[in-house]
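I am opening a notebook page on this structure.

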Amino acid sequence: MAVIIDYGIGNLGSIKNMIRKVGGKPSIGSTREDIAQADMLILPGVGAFDSGIKHLQASGLMDILNQRVLEDKVPVLGICLGAQLMTQFSEEGQEQGLGWFDAQTLKMDFTDIPGKWPLPNVGWRNVFAQNGYNILDGTEEIPRFYFVHSYYLSANDPSLISMTANYGFDFACGLRHENIHCCQFHPEKSHAFGMQFFRNFLKAYS
């Protein structure tokens, strides 16, 4: 059972519908019991970093999430803000992140890059697999995903980078370490490419 974590912010219904479309058995969970019974976890989120981590702390789920992800090695996917919360910290706020990745969340900086690059970065961007990441497999054309963000993932170890995109410069839009995955884009808003992404993620752990 794929449990979408409800901690007060995120596109829960859209993610649930997309996972159901590709044959998964999703549920929305907000209790320790929900997390304890999950075979797979989805950490969504929209909004600011500090608000997101404070909502997660207030949910009372931090310890059970750390146990399930870091000790039990349950597969987990962070989406958008959920991805950023998995890093150590963000330049957007003052709070510490979950620290599941040896990475930070940095503001997109276009200093010395020609052209106009308004923030947030909103729209469809090509996404490229890195380090043999196969969750993007299965499409004949370059997969395109929908982005809405002003901050990006910066990994201290390049081998953690699973996906990249370009907006003025090449940036990491996905990380992976063992059972922990994340993506900066919104697969639940990315139509056929998003469906294939979720289909591959579910298949990888079925």
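**Entry 1: aromatic residues**

Which residues form one aromatic cluster? I find Phe110, Trp117, Phe145, Phe147, Tyr152, Tyr167, Phe169, Phe171, Phe185, Phe193, Phe197 and Phe198 in it. I note that this is a predicted model.

I then looked up the pairs. The structure holds 16 aromatic pairs. I took phenylalanine 110 with phenylalanine 169 and found a tilted pair. The distance is 5.8 Å centre to centre, with 55° between the planes.

Where do the two rings sit? Phenylalanine 110 lies in the loop between β5 (103–107) and β6 (121–126). Phenylalanine 169 lies in the loop between β10 (161–166) and β11 (170–177). The pair therefore ties together parts that are 59 residues apart in sequence. I checked burial too: phenylalanine 110 and phenylalanine 169 are both buried.

I moved on to tyrosine 152. Its ring centre is 5.4 Å from that of phenylalanine 169. The planes of these two rings stand at 70°, so I log the pair as edge-to-face; the cut-off is over 60 degrees. Tyrosine 152 lies in strand β9 (residues 151–155), while phenylalanine 169 is in the loop between β10 and β11. This pair therefore ties together parts that are 17 residues apart in sequence.

Is tyrosine 152 buried or exposed? Tyrosine 152 counts as buried, because its relative accessibility is 16% and the limit is under 20%. Phenylalanine 169, with a relative accessible area of 17%, is buried as well.

**Entry 2: asparagine 126**

Next I looked up asparagine 126, in strand β6. I read 28% relative accessibility, so asparagine 126 counts as partly exposed.

What does asparagine 126 touch, leaving aside its neighbours within four places in sequence? I list contacts with Ile142, Pro143, Arg144, Thr164, Ala165 and Asn166. With arginine 144 there is also a polar contact of 3.1 Å between the side chains.

I also took one C-alpha separation. Asparagine 126 and arginine 176 are 50 residues apart along the chain, and their C-alpha atoms are separated by 19 Å.

**Entry 3: the largest pocket**

How much space lies in the largest pocket? I read about 210 Å³. The lining has 13 residues, and the closest to the pocket centre are Gly24, Lys25, Met40, Leu202 and Ser206. Helix α6 (residues 191–204) gives the most to this lining, with 3 residues. By class, I log 6 nonpolar, 3 polar and 4 charged residues.

Conventions. Residues are numbered from 1 along each chain as its sequence is written. This is a predicted model: local features need pLDDT of at least 70, side-chain atom pairs count only at pLDDT 80 or more; totals for chains, interfaces and linings use all residues. Side-chain values use heavy atoms; hydrogens and water are left out. Rings of Phe, Tyr and Trp (its six-membered ring) pair if their centres lie within 6.5 Å; planes under 30 degrees apart count as stacked, over 60 as edge-to-face and the rest as tilted. Helices (H or I, at least four residues) and strands (E, at least two) are DSSP runs, numbered from the N terminus. Buried means under 20% relative accessible area, exposed over 50%, partly exposed in between (1.4 Å probe, protein chains only). Contact means heavy atoms within 4.5 Å. A polar contact is a pair of N or O atoms within 3.5 Å; within protein, one must be able to donate a hydrogen and the other to accept it, and residues adjacent in sequence count only if both atoms are side-chain atoms. On a 1 Å grid over the protein atoms alone, a cavity is a set of points where a 1.4 Å probe fits but cannot get out, and a pocket is an open set with protein on both sides within 12 Å along at least five of seven lines; lining residues have an atom within 4 Å of a point. Grid points are joined across faces, edges and corners, and a volume is the space filled by probe spheres set on the points. Ala, Val, Leu, Ile, Met, Phe, Trp, Tyr, Cys and Pro count as nonpolar, Asp, Glu, Lys and Arg as charged, and the others, Gly among them, as polar.
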